[in-house]
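Hi everyone, thanks for coming.

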Amino acid sequence: SQIMAGVEGTTGVGVDQELISSVPISNPTFVARNFTDAEIAYCSTQPSSAASFAARWVGKEAVFKSLGVSSKGAGAAMKDIEILPDETGAPTVALHGEAKAAADAKGITKVHISLSHSETTAIAFAQATSS
Amino acid sequence: SQIMAGVEGTTGVGVDQELISSVPISNPTFVARNFTDAEIAYCSTQPSSAASFAARWVGKEAVFKSLGVSSKGAGAAMKDIEILPDETGAPTVALHGEAKAAADAKGITKVHISLSHSETTAIAFAQATSS
Amino acid sequence: SQIMAGVEGTTGVGVDQELISSVPISNPTFVARNFTDAEIAYCSTQPSSAASFAARWVGKEAVFKSLGVSSKGAGAAMKDIEILPDETGAPTVALHGEAKAAADAKGITKVHISLSHSETTAIAFAQATSS
């Protein structure tokens with residue numbers, strides 16, 4: 001018998017980008033529906049709140065793509081995909097609710113994420129992996 | 001003896017982007033040389049054909065980079081890299097001809113792909129893996 | 001006993017982008033501090049030096065993110081992350097100094113990289129892996 005601990009495989013990847021100006025973060029309904037309290041608290045204290053919210057928004061889209069589940073349109077619960085900094089400041093993904101259930105069903109144990117924004121554009125890359 | 005089924009490793013990654021306006025999709029020769037019939041049929045029915053063709057075009061470039069083979073210049077057979085939606089709508093890569101031969105020679109068994117476009121820019125990420 | 005040769009797992013990913021015009025490559029201090037002699041020699045002979053330097057610059061940032069170490073601000077030794085073409089022309093990462101020490105401490109054995117630039121924007125993706 002053997003335990004193949006640490007063996008990891010990619011199950012899907014996701015990339016997404018948006019013009020920062022096109023993410024409706026001045027709309028409180030959009031923000032409340034799509035971001036967790038912890039995300040809102042974090043983004044609100046960043047030098048550029050708009051860029052932080054936009055980067056996280058495209059991050060959620062990239063994670064969603066990496067999970068490889070069918071899109072549910074505007075009703076997708078992006079709040080179930082939470083992206084917060086770890087102790088080094090690097091963004092990390094926590095899944096909740098239906099997003100977690102979908103990941104569990106596919107054996108996805110971790111989603112790696114990276115975010116970036118220029119003056120105008122936010123971009124994110126996600127990689128879903130199983131172990 | 002053991003079988004390490006499911007063990008997967010990354011052999012290469014690829015990223016590519018283009019301004020949608022700079023991809024010559026109104027040139028029928030460019031389209032016919034670089035896209036398969038199934039790709040043309042799919043893109044032609046999308047809300048924005050131009051964005052769909054452009055995203056697929058940068059997708060082919062990203063896949064080509066992920067394969068880690070020498071560039072052959074303008075003569076590269078991008079038609080051998082086919083990107084079509086699966087049953088969930090997610091883009092998937094099928095390799096044909098020389099692209100498939102190159103992948104086989106390197107032990108590449110799957111290429112993950114994700115595509116995105118904003119109003120102006122198409123971007124793609126690819127990850128080639130062996131099992 | 002067994003040897004799990006070739007088993008590889010992702011330890012982190014990184015994405016970065018910049019407007020090519022915002023990378024201060026006409027500043028010789030910036031170039032000398034952040035690029036190795038081999039990188040400078042390579043970029044200087046490319047059709048667009050500015051785009052080559054900018055793509056490499058965002059590549060270094062993407063690699064840094066993929067390593068998952070704490071940011072050290074403007075003092076980070078980006079020169080320790082060297083990106084040069086291999087024999088096929090594909091960009092490859094070599095780590096030196098503190099970047100190498102940080103990677104070794106995390107068991108990172110290879111960092112995959114891909115670079116791209118449009119007329120205006122340079123983008124890079126990096127994936128750090130352990131074996």
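Let's begin with a question: is D16(A) buried or exposed? Keep in mind that this is a predicted model. D16(A) has a relative accessible area of 7%, so it is buried, as that is under 20%.

Who is its partner? The side chain of D16(A) meets that of K65(A) in a salt bridge, 3.4 Å from N to O. This pair links distant parts of the chain: D16(A) sits in strand β1 and K65(A) in helix α3 of chain A, 49 residues apart. K65(A) is partly exposed, at 28% relative accessibility. As a reminder, side chains of opposite charge can pair when their charged atoms come close. Over all chains, a search finds 9 salt bridges.

Now please turn to chain C. K60(C) and E39(C) form a salt bridge, with their closest N and O atoms 2.7 Å apart. K60(C) is in helix α3 and E39(C) in helix α2 of chain C, so the bridge ties together parts 21 residues apart in sequence. K60(C) is buried, with a relative accessible area of 0%, and E39(C) is buried, also with 0%.

Chain B gives us another pair. D104(B) and K100(B) meet in a salt bridge of 3.0 Å, N to O. They lie 4 residues apart in helix α4 of chain B, so about one helical turn separates them.

Last stop, back in chain A: the axes of helices α2 and α3 come within 8 Å and cross at roughly 140°, which makes α2(A) oblique to α3(A). The residues of this contact divide into 4 nonpolar, 3 polar and 3 charged.

Technical notes: Residues are numbered from 1 along each chain as its sequence is written. Chains are lettered from A and ligands numbered from 1 in the order in which they are written. This is a predicted model: local features need pLDDT of at least 70, side-chain atom pairs count only at pLDDT 80 or more; totals for chains, interfaces and linings use all residues. Side-chain values use heavy atoms; hydrogens and water are left out. Axes are lines fitted to C-alpha atoms, for helices over the stretch in contact, and angles run from 0 to 180 degrees between N-to-C directions. Helices (H or I, at least four residues) and strands (E, at least two) are DSSP runs, numbered from the N terminus. Angles under 35 degrees count as roughly parallel, over 145 as roughly antiparallel, 65 to 115 as roughly perpendicular and the rest as oblique. Ala, Val, Leu, Ile, Met, Phe, Trp, Tyr, Cys and Pro count as nonpolar, Asp, Glu, Lys and Arg as charged, and the others, Gly among them, as polar. A salt bridge is a side-chain nitrogen of Lys or Arg within 4 Å of a carboxyl oxygen of Asp or Glu. Buried means under 20% relative accessible area, exposed over 50%, partly exposed in between (1.4 Å probe, protein chains only).
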